[in-house]
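Subject: Model for you to look at

Hi,

Here is the structure I said I would pass on. Could you open it alongside this email and follow the residue names as you read?

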Amino acid sequence: MLASSSAGNSTFIGTEKTRILIDAGLNRKETFQRLAAIGEDPSKLDAIFITHEHSDHVCGLPVICRTLGNRVPVFMTDLTAPALDWGGRPVPPIEIFQAGALTELGDLAVQSFTIPHDTVDPVGYTVTAQGIKVSIATDLGYLPENVKFNLRDSHFLLLESNHHPDLLKVGPYPWHIKQRILSRKGHLSNDAACDYIASELPSEVQMLILGHLSEQNNTIWDTELGAVQALEKRGLAPRLVVAEPRRQGEIFLL
Ligand SMILES: [Zn+2]
Ligand SMILES: [Zn+2]
């Protein structure tokens, strides 16, 4: 994970053959530096997949694409595409699909699924290659059945654990923003993430990453403590990592 927080989201997933970014919510300089730090050349990207049009997921996209000569195709849903602002400049090849579609790209199978969030057509993704399934489920107000269904059999799961509800309630945000975050189209709380972990986390999960933390309304300590207790309840012991806002994650080899 190049970054995972309310301040910016971008995840690199690669095999020997195929390399993709999911979201481009860091600027070009940060994105290229963080790719270089994991030994990846941005010009070798095969595609960029977009989850939704919020700026913490797309703010770096236009400049990244232009710097790469607009050669790297960008995949997004048919309804998300018109919502992106390219500033009137030339755009890269846009590959549209309907939410729920499966895209085969090199040796990756990228499955999209609808998530409940306040944008036109937001999706999460699972990426399967060589029998390993990687799932990304952030930016969702709650975990509906279709999301849980898509997360089944995951070996690696990046799950949102956005805020501690008590910290959010007493925190600095205006009331309408607090309501938005707490709504069913907002962000997943630590409690909601822990409920899922304690009851339905797939037993195949070997690495559980809690991400998209709010810097104002959460702490790593609270997130981790709740998740450890939830895993104990579930009787599972995957590797647990809480993504630190603004810091690049380690490389996970699967
Ligand atoms: Zn969002
Ligand atoms: Zn976000």
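This is a predicted model: local features need pLDDT of at least 70, side-chain atom pairs count only at pLDDT 80 or more; totals for chains, interfaces and linings use all residues.

Residues are numbered from 1 along each chain as its sequence is written, chains are lettered from A and ligands numbered from 1 in the order in which they are written, and side-chain values use heavy atoms, with hydrogens and water left out.

**The zinc pair**

Which protein atoms hold the zinc ion (ligand 1)? They are H52 (NE2), H54 (ND1), H117 (NE2) and D139 (OD), at 2.2 to 2.5 Å. (Donors are N, O and S atoms within 2.8 Å of the metal, or 3.2 Å for Na, K and Ca; water is not among the atoms, so sites may look incomplete.) The sequence spacing of these donor residues is H-x1-H-x62-H-x21-D. Angles among the 4 donor atoms run from 91 to 169°, and the site is irregular. For that label, four donors count as tetrahedral if all angles lie between 85 and 135 degrees; four count as square planar and six as octahedral if opposite donors are over 155 degrees apart and all others between 65 and 115; anything else is irregular.

The zinc ion (ligand 2) has D56 (OD), H57 (NE2), D139 (OD) and H212 (NE2) around it, at 2.1 to 2.2 Å. Its site is irregular too, because the 4 donor atoms subtend angles of 92 to 164°. Here the spacing reads D-H-x81-D-x72-H. D139 bridges the two zinc ions, ligand 2 and ligand 1, which lie 3.4 Å apart. D139 sits in the loop between β10 and α4, and H212 in the loop between β12 (207-211) and α8 (220-234), so this pair, 73 residues apart, links distant parts of the chain. (Helices, H or I with at least four residues, and strands, E with at least two, are DSSP runs numbered from the N terminus.)

(Buried means under 20% relative accessible area, exposed over 50%, partly exposed in between, with a 1.4 Å probe and protein chains only.)

**Strands**

There is an open sheet of 6 strands in the order β1-β2-β3-β4-β5-β6, with mixed pairing. β1 (3-5) and β6 (94-97) are at the edges with a single partner strand each, so one side of each has no neighbour in the sheet. (Two strands pair if DSSP finds at least two bridges between them.) β1 runs antiparallel to β2 (residues 8-14), joined by 3 bridges, and A3 is opposite S10 in β2.

β7 and β8 are antiparallel, with 4 bridges, and T103 faces V110 in β8. Their hairpin has 2 residues between the strands, and G106 takes a positive phi near 55° there.

The largest pocket has a volume of about 690 Å³. Of its 24 lining residues, I13, G14, F252, L253 and L254 lie nearest the centre. β2 gives the largest share of that lining, 4 residues. There is also 1 cavity of 30 Å³ or more, and the largest cavity holds about 60 Å³. Its lining includes A3, S4, D23 and H57.

On a 1 Å grid over the protein atoms alone, a cavity is a set of points where a 1.4 Å probe fits but cannot get out, and a pocket is an open set with protein on both sides within 12 Å along at least five of seven lines; lining residues have an atom within 4 Å of a point. Grid points are joined across faces, edges and corners, and a volume is the space filled by probe spheres set on the points.

**Two positive phi values**

D23, in the loop between β3 (19-22) and α1 (28-37), has phi near 75° and is buried at 4%. D153, in the loop between α4 and β11 (156-160), has phi near 70° and is partly exposed at 44%.

Cheers
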